[in-house]
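Please look through the sequence and the model with care before reading on.

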Amino acid sequence: MTNNTSEWNLEKANDTYMINRWGLNYYSINERGNLSVCPERTTTGPQIDISEVIEEMKSKNIAFPAVIRFQDILRSQVKLINKYFKQSIEEANYRGTYFGVYPIKVNQMREVVEEIVDAGAPFNYGLEAGSKTELMAVLAQNENKQSLNVCNGYKDKEFMKLALLGVKLGRKVIVVIEKFSELPLLLQTAEEMNVEPMIGFRAKLLSKSTGKWAGSSGEKAKFGLNSSELIKGINFLKEKNKLQCLKLFHFHIGSQIPDIITIKAALTEAARTYANLRKMGAPIEYFDVGGGVGVDYDGTRTNSQSSINYTFKDYADDVVYILKDICNNEEVDHPHIVSESGRAVTAHHSCVVTNVFGKISLTKNEINTDKKTGEHSLVKQMRDISEEIHEKNYQEYFLDAISKKEECFSAFNLGVIDLEERGKIETLYWQIADKAYQFGLRDPYVPDQILDLKNFLADQYLCNLSVFQSAPDTWAIDQVLPVVPIKRLLEKPTKLCSIVDITCDSDGKLSKFLNDEAGLSNSMAIHEIHEKEDYYIGLFLTGAYQDVMGDMHNLFGRLNEVHVYCDDDDPSDFYIEEVILGNSPSDVLTTMQYTPSTMAAKVKAQIDDQIKRGKIRPREGVELTDFYEAAMKGYTYLTQLS
Ligand SMILES: *Cc1c(COP(=O)(O)O)cnc(C)c1O
């Protein structure tokens with residue numbers, strides 16, 4: 001980054017936060033320098049200014065942090081993946097149809113599922129369930145008899161009965177066999193219920209993905225039938241005269257597949273397997289390629305773990321063409337194609353918006369380091385370095401400062417210098433480090449030790465959120481998420497920061513950021529925050545897995561949530577259709593087995609006791625009792641910051 005403010009413009013802002021890279025054209029910066037949402041993926045269409053959404057939320061007293069769902073993005077993604085498959089199928093003269101299903105584990109929120117089902121209705125887009133509870137939701141939420149309902153995951157008899165109930169309702173509910181023993185149980189249950197089951201076989205492929213979910217395939221994978229079990233399954237169905245029930249062939253090699261090469265390899269193995277099963281007489285109609293299409297979280301368009309080196313259309317092309325070629329080669333029918341993409345459908349539609357409420361800075365200290373008579377010579381030596389450091393000597397002087405700081409630490413432990421002197425020495429040290437870094441920026445031959453200062457000197461911006469609740473994958477699996485200031489994007493961000501949350505956990509932070517030059521960086525560009533300014537940042541691409549997998553670490557609960565719809569006729573191009581309030585302390589305490597009313601009574605009894613002892617005035621006692629009860633119904637995040 002250069003220091004020339006005049007060089008900053010909208011393009012620079014776009015590049016710095018890589019908005020065009022990760023945003024799929026749903027996000028852009030408007031002429032006011034505010035981040036905005038373009039539901040039609042073009043700036044010539046309607047544009048929703050996120051800061052206007054925030055203002056409207058404030059006017060409705062909705063506290064932050066909050067989840068904002070842009071339902072139009074969700075609908076658009078559903079339509080797009082159906083469109084891409086349709087296109088590939090037409091281009092290839094493929095003789096099957098596409099029947100996508102949305103795996104609800106990715107985001108089970110009723111409103112999310114409803115929106116997807118509604119947007120997918122013209123395409124007979126279905127749902128996928130991985131547990132009994134999810135299947136109960138699926139049975140209730142999608143009444144379209146043409147669309148598929150795919151049941152994955154280990155199953156007991158009750159799970160199967162639920163699926164067969166669906167079949168009785170005239171729905172296409174397919175039970176995917178994950179391990180051999182499920183097959184006799186399914187046939188037995190179907191017989192008891194007097195219904196023909198729809199059966200799927202999940203194959204355990206040897207083709208493996210890379211990245212975090214590599215273990216979803218390969219010989220030691222948790223789910224699926226290997227070659228010999230597939231044959232055993234076919235023979236079993238033949239024996240029971242039920243081979244006609246085998247409708248679907250399924251595989252899933254893992255989530256967030258970074259490399260298209262692995263997808264091609266898996267498709268090849270799967271297509272050959274399908275063709276062989278067909279030749280053994282199984283009348284399989286559907287070829288289900290599972291999920292796994294990744295999202296370019298870090299914007300690098302590479303096969304790095306937080307990225308992907310292909311587009312959805314590339315993926316659809318590969319599925320259709322590879323399957324077509326192998327089916328033609330093996331002379332078997334082209335099956336209908338099913339895919340179970342979840343992440344790629346939902347990631348973009350929601351973000352978490354939160355306020356920055358302070359910062360921790362190493363370089364900016366209020367303490368006066370002026371000369372004082374009788375001060376220890378270490379203080380003077382550090383001050384001399386600070387005054388005399390320049391572009392020719394900065395490396396040597398910085399090393400000097402490091403050793404002086406170490407001496408200072410020993411001197412303090414030995415009682416030779418006091419806390420005030422130590423404070424001065426450390427203040428001077430960070431000023432020296434900052435100067436050394438600035439000199440280093442202008443030096444073509446700068447040592448790594450100085451460059452490493454960049455992240456060390458970055459401020460820590462304090463954000464009102466819990467990483468564990470709102471961005472668990474950044475903590476659990478080192479996932480990167482785009483973080484972008486909501487406003488002032490036409491203004492050059494002059495600071496570098498990392499982000500720390502409000503949990504009492506040193507892991508509660510974000511320290512990996514998108515970087516247009518270096519791939520990833522440990523700090524991000526950000527503005528200096530003005531006094532009394534409400535400064536908001538957004539964490540983007542949180543619509544898949546994040547909020548549903550978040551936990552209540554430190555008892556920070558679910559977030560307030562708004563659902564925003566585009567309305568071209570509205571002057572601001574949007575309206576807030578729904579507000580879902582997040583958890584109160586009372587809610588989260590209840591899930592931890594507390595009884596808020598009893599708790600309030602216990603606190604009140606203690607207050608009454610103090611009143612009796614004359615420690616609290618009766619009027620104040622009433623106020624304190626009311627305060628405790630009101631806080632119980634409040635928000636678990638910081639709400640009163642001044
Ligand atoms: C999790 C899962 C999916 C969804 O995967 P994405 O990576 O979100 O597309 C699809 N199918 C199965 C069997 C799964 O377990």
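What follows goes from a sheet to the cavities, and then to a loop residue and the domains.

The model is predicted, and local features need pLDDT of at least 70, side-chain atom pairs count only at pLDDT 80 or more, while totals for chains, interfaces and linings use all residues. Residues are numbered from 1 along each chain as its sequence is written, and side-chain values use heavy atoms, with hydrogens and water left out.

We begin with a sheet. Strands of a sheet pair through backbone hydrogen bonds, either parallel or antiparallel. Helices (H or I, at least four residues) and strands (E, at least two) are DSSP runs numbered from the N terminus, and two strands pair if DSSP finds at least two bridges between them. Here three strands form an open sheet in the order β1-β2-β3, with antiparallel pairing. Its edge strands are β1 (27-29) and β3 (48-49), each of which pairs on one side only. Between β1 and β2 (residues 35-37) there are three bridges, and Tyr-27 has Val-37 in β2 as its bridge partner.

A cavity is a set of points, on a 1 Å grid over the protein atoms alone, where a 1.4 Å probe fits but cannot get out, and its lining residues have an atom within 4 Å of a point. Grid points are joined across faces, edges and corners, and a volume is the space filled by probe spheres set on the points. The structure holds five cavities of 30 Å³ or more, and the largest cavity has about 80 Å³ of space. Among the residues that line the largest cavity are Phe-251, Ile-263, Leu-267 and Tyr-315.

Now turn to Ser-306, which lies in the loop between β11 (286-288) and α11. Ser-306 counts as buried because its relative accessibility is 7%, where buried means under 20% relative accessible area (1.4 Å probe, protein chains only). With contact meaning heavy atoms within 4.5 Å, and residues up to four places away in sequence not counted, Ser-306 touches residues including Gln-256, Tyr-297 and Asp-478.

Finally, the protein chain is divided into domain 1 (377-455) and domain 2 (587-632), with bounds that come from an automatic or database domain assignment. The C-alpha centres of domain 1 and domain 2 lie 51 Å apart.

Conventions: 1 Å grid on protein atoms, 1.4 Å probe; cavity = no way out; pocket = protein on both sides within 12 Å on 5 of 7 lines; lining within 4 Å. Buried < 20%, exposed > 50% of the residue type's maximum accessible area, 1.4 Å probe, protein only.
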